[in-house]
Amino acid sequence: MEKEQLIKIDDSIHAWFNTLDDIIPKLINDMVTSTKKNRFDLVTNVDKSIQQKFESFLKEHYPSHQLFAEEKSNSEINAKEGHVWIMDPIDGTTNLVKQQEDYCIILGYFVEGEPMLSYIYDYPHGKLYKAVRGFGAYVNGEPLSSPEDIELKDAIISYNPLVINDETIQDLNEASFGYRCIGSCGLDSIRVIKGQFGAHVNTNPKPWDIAAQFLFASELGLKMTTLDNTKLDFSTAGPFIISNKACHTHMLDVLNSGNGYKN
Ligand code: NAP
Ligand code: CA
Ligand code: CA
């Protein structure tokens with residue numbers, strides 16, 4: 001894809017994100033929360049409205065592009081064909097509902113299965129993270145540099161302790177410097193992208209949880225793989241790690257040692 005074409009699309013996406021700054025406070029003010037699969041599986045009018053607004057934006061400006069997103073059925077879409085946008089309209093919905101902080105919008109643009117543009121919008125902190133294929137990664141327009149190497153013994157690591165067995169958690173505690181988890185796959189990944197965390201693991205993400213992270217990882221020299229250290233398929237997702245390259249192998253060794261990490 002031509003650079004000019006990519007820049008034009010990027011400009012229009014920036015303009016779309018700008019429109020949200022007026023809308024999100026009103027949506028939060030009138031927040032309505034409902035549950036999906038169980039009492040912890042939340043969705044709000046904010047998630048639904050943001051996704052609907054992006055769907056309308058695509059229909060108007062890029063009618064041939066498809067949307068693959070959390071709050072809709074994606075059964076008709078082959079994410080590896082044509083122009084596809086993968087979106088998590090709110091990542092960290094529990095945080096939105098309970099704290100009104102630490103949630104983000106995840107958006108990834110793929111052409112014939114290749115990531116071209118990626119966005120993670122940390123709306124509460126006014127930070128738009130962006131990666132452009134071949135042109136690096138940015139926060140609010142300022143370039144991000146590749147993080148320094150972090151060995152596991154010096155690293156803060158992040159994962160959901162509910163899905164890892166106690167023995168593995170103990171091994172991770174011993175091998176790393178410390179543990180933190182924000183509760184948003186996108187924002188936990190951003191900490192790795194910025195060199196604050198060594199690694200973030202999610203054992204069950206869907207494509208919209210990790211769509212943007214691929215391009216940040218490749219532009220900044222981070223590792224992003226399955227937990228078996230194989231190539232991660234963006235269209236199916238599944239157990240994943242995004243990691244500083246200096247602690248990736250060690251982190252996977254600890255996770256997979258003994259009887260593995262599963263509960
Ligand atoms: P949470 O605050 O609801 O979510 C934390 C992050 O995980 C968010 O990015 C969220 O995306 C995502 N997430 C939500 N449900 C998930 C699932 N079933 N598998 C993988 N990622 C998920 O997390 P929580 O309150 O600690 O846990 C809520 C439920 O999600 C529990 O059943 C937990 O076991 C599960 N969970 C599993 C993992 C994992 O690594 N397997 C990670 C987090 C949560 P949205 O905000 O877009 O939903
Ligand atoms: Ca999510
Ligand atoms: Ca979500």
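This is a predicted model: local features need pLDDT of at least 70, side-chain atom pairs count only at pLDDT 80 or more; totals for chains, interfaces and linings use all residues.
Local features need pLDDT of at least 70 and side-chain atom pairs count only at pLDDT 80 or more, while totals for chains, interfaces and linings use all residues. Residues are numbered from 1 along each chain as its sequence is written, chains are lettered from A and ligands numbered from 1 in the order in which they are written, and side-chain values use heavy atoms, without hydrogens and water.

**View 1. The contact between the domains.** Contact (heavy atoms within 4.5 Å) joins 38 residues of domain 1 to 23 residues of domain 2. About 2300 Å² is buried between the two domains, 72% of it on carbon and sulfur atoms. Buried area is the accessible area (1.4 Å probe) that two parts lose on being put together, summed over both.

**View 2. The salt bridge.** One salt bridge is counted between domain 1 and domain 2; the term requires a side-chain nitrogen of Lys or Arg within 4 Å of a carboxyl oxygen of Asp or Glu. The side chains of Lys 80 and Asp 233 form a salt bridge at 2.8 Å, N to O.

**View 3. The side of domain 1 that touches domain 2.** Strands (E, at least two residues) are DSSP runs, numbered from the N terminus. Elements giving two or more residues to this side include β3 (66–69), β4 (83–91) and β6 (114–122). β6 gives the most, with seven residues.

Methods:
Helices (H or I, at least four residues) and strands (E, at least two) are DSSP runs, numbered from the N terminus.
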